[in-house]
Amino acid sequence: MAFVTRQLMRSVSSSSTASASAKKIIVKHVTVIGGGLMGAGIAQVAAATGHTVVLVDQTEDILAKSKKGIEESLRKVAKKKFAENPKAGDEFVEKTLSTIATSTDAASVVHSTDLVVEAIVENLKVKNELFKRLDKFAAEHTIFASNTSSLQITSIANATTRQDRFAGLHFFNPVPVMKLVEVIKTPMTSQKTFESLVDFSKALGKHPVSCKDTPGFIVNRLLVPYLMEAIRLYERGDASKEDIDTAMKLGAGYPMGPFELLDYVGLDTTKFIVDGWHEMDAENPLHQPSPSLNKLVAENKFGKKTGEGFYKYK
């Protein structure tokens, strides 16, 4: 009888351990790598929804600029959200900013974080080097996520030993405004990790959608070929870029025409995505390069951020 009791207790204990290990991670502490527009935006929405955040970049100057941008963005939010109570708005801004720390040493701050979100340059080698290093210092339970818009999540995750705790978490610009988050599940991503990231996205006030690790995920897979076909239509002389934009706004109900959107997103970004897809599948007609896009990028005319793209903004 004693033997049976011991076996039963051992079985219950084992079951409890398995159940505990399968529990979702409730993300409370977030480390965001990259203080650019996307990284700062992710840090802002995480902090504004009660998470403690560490924002990491290479220099204190970059981080100071990021914090300043976050504060300006928060004040815009507060002005609208607390229109009838400015004092409460000021308190909201100060409280949110107080939960965002900064660091220039990613390895020193990931030991106690629940989630690392990477939003750095779209370069596979650089991302791999970053995650390979952080993998040695992060806690066992820590989830890694990349905000890449074009690179394969699996290729990034393979630089680590935690492929089951690695996924894509693709936000959209501007992060404080755009509601969508694409949660990308690789063949190795555990259901626990996936569900934890879905819950985290919802906690940010976002609407998560799920996608497998396919090029461009959902939005860019549909959007980029549409933008490239607009360019080809223009290159063939079938219609002017102004008429193409007007047609899509008035005929399809789009808020921006394709050339306006290209300039807003950044021509360099679009070219980077198309070039990557072309490298993977050179025979696909949807992935063919564009002479006019290549020319503008070579001239450093990236769109609104440089003052000129398909249109001039000076």
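In which loop is Phe 217 found? Phe 217 sits in the loop between strand E8 (207-212) and helix H8 (219-235), where helices (H or I, at least four residues) and strands (E, at least two) are DSSP runs numbered from the N terminus.

## Model and conventions

This is a predicted model, in which local features need pLDDT of at least 70 and side-chain atom pairs count only at pLDDT 80 or more, while totals for chains, interfaces and linings use all residues. Residues are numbered from 1 along each chain as its sequence is written, and side-chain values use heavy atoms, with hydrogens and water left out.

## Overall build

The protein has twelve helices and eight strands. Its C-alpha trace spans about 90 × 55 × 40 Å along the principal axes. Of the 314 residues, 44% count as buried; buried means under 20% relative accessible area, exposed over 50%, and partly exposed in between (1.4 Å probe, protein chains only).

Contact means heavy atoms within 4.5 Å. Among contacts between residues at least 6 apart in sequence, 64% join residues at least 24 apart.

## The two domains

The domain assignment gives domain 1 (25-212) and domain 2 (220-306); such bounds come from an automatic or database domain assignment. The centres of the two domains, taken over C-alpha atoms, are 28 Å apart.

The size of an interface is often given as the accessible area lost when the parts come together. Here domain 1 and domain 2 bury about 480 Å² between them, with 51% of it on carbon and sulfur atoms. Buried area is the accessible area (1.4 Å probe) that two parts lose on being put together, summed over both. On the domain 1 side, Glu 122, Ser 149 and Ser 150 lose the most area to domain 2, together 62% of what that side buries.

## Contacts across the interface

Seven residues of domain 1 are in contact with five residues of domain 2. The side of domain 1 that touches domain 2 has two nonpolar, four polar and one charged residues. In this classification Ala, Val, Leu, Ile, Met, Phe, Trp, Tyr, Cys and Pro count as nonpolar, Asp, Glu, Lys and Arg as charged, and the others, Gly among them, as polar.

One residue pair is in polar contact between domain 1 and domain 2 (both at pLDDT 80 or more). A polar contact is a pair of N or O atoms within 3.5 Å; within protein, one must be able to donate a hydrogen and the other to accept it, and residues adjacent in sequence count only if both atoms are side-chain atoms.

## Surroundings of Thr 189

Thr 189 lies in the loop between strand E7 (180-185) and helix H7 (191-203). Thr 189 counts as buried because its relative accessibility is 6%. The side chain of Thr 189 reaches the backbone oxygen of Phe 166 at 2.7 Å, and a polar contact of 2.9 Å joins the side chains of Thr 189 and Thr 186. Beyond its neighbours within four places in sequence, Thr 189 is in contact with Gln 163, Asp 164, Phe 166, Ala 167 and Phe 194.

## Backbone exceptions

Most residues other than glycine have a negative phi, and most peptide bonds are trans. The peptide bond from Asn 173 to Pro 174 is cis, with omega near 0°. Pro 174 is placed in the loop between strand E6 (166-171) and E7.

Phe 217 has a positive phi of about 55° although it is not a glycine, and at 3% relative accessibility Phe 217 counts as buried. Asn 300, in the segment after helix H12 (291-298), has a positive phi near 60°. With 52% relative accessibility, Asn 300 counts as exposed.
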